[in-house]
Structures are given as C-alpha cells and as structure tokens.
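Me: Please take a close look at the ligand site in this model, and at the strands that build the part of the protein around it.

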Amino acid sequence: MLQDKIAQYTKEIEQFTPASAADVENFRLKFLVSKGIVKELFEEFKTVSSEEKRVLGKVLNEFKQLAETKFQESQTQFASAAKVHKREEEDLTLPGDGFQLGSRHPLSLVRKEIVEIFKKLGFIVAEGPEIEDDWHNFSALNFPPEHPARDMQDTFFIKKQEGNDIALRTHTSSVQVRLMEAGQPPFRAIMPGRVYRNEAISARAHCFFHQVEGLYVDENVSFADLKQTLFHFVQELYGEGTKVRFRPSYFPFTEPSAEMDISCSICKGAGCNLCKHSGWVEILGCGMVDPNVLENCGIDSKKYSGFAFGMGIERITNLKYEIKDLRLFSENDTRFLSQFETEII
Ligand code: PHE
C-alpha cells in the first residue's frame, strides 16, 4: 500500500547519514531522478481512490519535501568537505612565488655616488628649474647675445620674448647663477639635474641627459684647489691610482678653462676601443669662474675667486659599467635595468 511505502521510505531517509559524496549521489539516483522513488510514488498516487487521495496528498508532498531537503543538506556538507580536503592536499613545503623588487636606475646610483664624494668635502646640493630664462642659462654666464658660443648647445626654446627667451636649460650652470644671486660667498655646492639639447637621438647623443655641476667660490680659491678637488673625486670614483690630465679648452663662463681626462678605466691606459687607443677618456669640463660671471651675480670679483666644473652623469656611468648605447637609459627595458638589482642602497 502507498501509505506503508511512504512510511518506510520516510524512515529510510531520516536515517540516511552519508559517509561520502558518492553516498549522496546514490541517494539522488534512488529518490530524485525521473525514474526514482519520489516520481514512482506520485505515479502510484494517481491510482488510489479519491478518499485516499485526500489523506495521502499532503503526506506525499511532505515526503517529497523531505527527500529534497535531505539531499541538499548532504550535498552542501560534502561540497565544503571537498574544499577542505583539496587544501590539505596542497604541498606547504613548496617554495613560495617570489615577488619582483624594483631596482635603482644606474644613473641614480652614479649620481648618488658623485654626490656622496663631494658631500664629504663640504659641498651642499643645490637645485634649480629645468625651464630657464636666457639670463640664467646664457647671459649671466657671459654668453653675449649673438655670440657663437650659444650654438655650442642646441637649445629647445619655449617662448621667444624680447631680451629674455624662455627655454629648457641646456646645462646645470644655470643653477650656479641662481645660487650666487641669492647670497654672498663662500659657496660650495654641487648641482645635479636634467638638461636638454636639441640633438638627434642616437647611441651617442640624446635630447636630454643629466649633469652634475660643481661650484666653489671664496677668497683665494685657485686653480690648484680645482685640480686637487677633482683629483680626489676621481680617486674616489674610479679607484686609487687613476691618473688625470687637463687640456686647455673654452667655456664662456670660465677663464682659464680646461677639459679633464682620466686614464682609461677599462684598459688602465694600455689602449682599447673605449679610449680610442689613446689611454685617456674625457670626463668633464672645468675652469676658474670668469670675473664677469661673479659681477653679473653681484659678487665682488676683486675679493672673491672660484672654480666650477660640470660633467655628464651618462658619460660617467658609461665608463663605469661599459654601457655603449645612451638610449638604454631612457627605454625602461627591465632586462637592462634588472642588471643593477644587486645595487640597492
Ligand atoms: N656647462 C658646461 C657644459 O655643459 C660644463 C662646465 C661646467 C664647464 C662648469 C666648465 C665649468 O658643457
């Protein structure tokens, strides 16, 4: 009889305690699929007398409800159990995924090194704007208007204005002027910064690069002070025993002016491609600050004298790490940059 069957299966469902996900699946196959027991009992329900239907309709519906609820409960129980099980299977002894650390840019590393050396000699760090006027970039530095020396540095002009054009600075010497205008000697400062020149980009030239300029102005500063300071700098940066030599040169803002070479850091003077087999490589320009420049900045050139020097950070870095293409510095290729990873300081 239908009523007995319902009672019997109800008992079975109530007692059902699955031990695995497979038990739950078997339960579903037995009771809930289209040929399962629930469906079967509903078929049988159609055949009973209408009197019985009145009683059994409710009982049968409750039975169906019971079977579905039991199935859902069992299913969630084993679904979460399956997850826990999976996590336990993970091998906790495996090494973790490494996360990549950034690294300092080689130019930052070298700039920092240069700054540290001069800091120990009592130089402070001074900075100035990258957008400059004609006065600070040229005129105050003894470049008269229309003077051919202005063409030594191809300039990116921003705004032409009567007597005082606005441009991207072509060298950090502009910071010298700003520093001297703002006070009175003694001055002992180095000025790192980015500079711009209108040049076609190639392995050997770029339209922007970085310089460090140095300035020392006080009473009785001589060329001997300049030589000794730069000699010390080179020993610190390229190692004891590096030789220096000075060649006469020309800059409008220094008199006398010189270019300084060091014995080739790669072949130690024996001759290689880098030094074009001369044994020497040029690293900076320097000289005694022209008295006109001191006067332009409101400093008494009878009382004070000074020296200045300027170098390209890219050039110094190229010599240190033997980098042959300037474009690598600004392309952000991590294959290049990651080579400096160990040098985090
Ligand atoms: N400003 C010069 C340049 O960019 C370098 C320099 C600086 C030379 C100071 C002498 C003294 O070429």
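Reply: The largest share of the shell around the ligand, three residues, comes from β10, where a strand is a DSSP run of E over at least two residues, a helix is a run of H or I over at least four, and both are numbered from the N terminus. At least two residues of that shell are supplied by each of β6 (208-218), β9 (280-289) and β10 (305-312). The model is a predicted one, in which local features need pLDDT of at least 70 and side-chain atom pairs count only at pLDDT 80 or more, while totals for chains, interfaces and linings use all residues. Residues are numbered from 1 along each chain as its sequence is written, and side-chain values use heavy atoms, with hydrogens and water left out.

The shell as a whole holds 14 residues, and the closest are His 171, Ser 173, Arg 197, Gln 211 and Glu 213; a residue is near the ligand if one of its heavy atoms lies within 4 Å of it. His 171 has a side-chain N or O atom 3.1 Å from a nitrogen atom of the ligand, where a polar contact is a pair of N or O atoms within 3.5 Å. Taken alone the ligand exposes 330 Å², of which the protein buries 92%, with accessible areas taken from the Shrake-Rupley method with a 1.4 Å probe.

The ligand sits in the largest pocket, which is to say that more than half of its atoms lie within 2 Å of the pocket's grid points. A pocket here is an open set of points on a 1 Å grid over the protein atoms alone, where a 1.4 Å probe fits and protein lies on both sides within 12 Å along at least five of seven lines.

The strands that supply the shell belong to an open sheet of seven, in the order β1-β5-β6-β10-β9-β8-β7, with mixed pairing; two strands pair if DSSP finds at least two bridges between them. At its edges stand β1 (124-125) and β7 (244-251), each of which pairs on one side only. Within this sheet β9 and β10 run antiparallel and are joined by five bridges, and Cys 286 has Phe 309 in β10 as its bridge partner. In general, strands of a sheet pair through backbone hydrogen bonds, either parallel or antiparallel.

The peptide bond from Glu 255 to Pro 256 is cis, with omega near -5 degrees, and Pro 256 is found in strand β8 (residues 254-263). A cis peptide bond also joins Pro 185 and Pro 186, with omega about 5 degrees, and Pro 186 has its place in the loop between α7 (173-181) and β5 (187-196). For context, most peptide bonds are trans.

Key
Polar contact = N/O pair within 3.5 Å; in protein donor to acceptor, adjacent residues only side chain to side chain. 1 Å grid on protein atoms, 1.4 Å probe; cavity = no way out; pocket = protein on both sides within 12 Å on 5 of 7 lines; lining within 4 Å.
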